[in-house]
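Have a look at the model first, then read on.

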Amino acid sequence: MSCKYKNILPLIALLFAASCGFEPLYVERTSSSQWYYDGKFDTSVKDEMASVKVELIQDRIGQLIRNDLLDKLTPKGEPKHAKYILSVTKINKQEIDQALRNDITATRKKVIYTVSYVLKNAEHKTLINGSSVAYTGYDILRDPYSTTFAQKKVEKNAAKIIANDISLRLGAYFHSTLTNRGNPDEY
């Protein structure tokens, strides 16, 4: 591909995304008649997400999920006066043997993590609840250290997938309540 087309492709992609009704999730327009990037942003969705307190979660996978959620929701630190409380209520791990040898021992494991969560306001009224699923897997190798390392990597990857899913769902919730109804506490 020649150099002159490399500069045009991002512009075409941007125009295509704009024509499809693309709208940023965490940044709102300040008025409907202005373009998004006029220097004036309404960051109320991001501010609402930053006011979520993430409760402690049991087990190692729970700690990883919580750390990833804190990085995504409250990158500047936990809120001093939280308006919302996010609790992970249940973590379920399922392992399935795959790729069996002739002696019926597995050479691969499929791991499915299912996590239930609930978001409550300061008055402990449930605002949203749901579940998130992460499908991962690893190879069972001859070296036990390598297999253990692969298991830990799968756990970290699953935690990132689940934290991404939960933070996106919270962002969508705050986006819909703030743009359609006003105050998310009144939802």
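Lysine 152 sits in helix α5, where helices are DSSP runs of H or I with at least four residues, strands are runs of E with at least two, and both are numbered from the N terminus. This is a predicted model, so local features need pLDDT of at least 70 and side-chain atom pairs pLDDT 80 or more, while totals for chains, interfaces and linings use all residues. Residues are numbered from 1 along each chain as its sequence is written, and side-chain values use heavy atoms, leaving out hydrogens and water.

Alanine 163 is in helix α5 too. Is each of the two residues buried (under 20% relative accessible area) or exposed (over 50%), with partly exposed in between and a 1.4 Å probe on protein chains only? Here's the answer:

| Residue | Relative accessibility | Class |
|---|---|---|
| Lysine 152 | 52% | exposed |
| Alanine 163 | 0% | buried |

Leaving aside residues up to four places away in sequence, alanine 163 touches Ile65, Asp68, Leu69 and Lys72; a contact means heavy atoms within 4.5 Å. Serine 132 is 31 residues from alanine 163 in sequence, and their C-alpha atoms are 8.7 Å apart.

Now zoom out. The chain has five helices and six strands, running α-α-β-β-α-β-α-β-β-β-α from the N terminus. Buried residues make up 31% of its 187 residues. Of the contacts with a separation of 6 or more, 57% join residues 24 or more positions apart.
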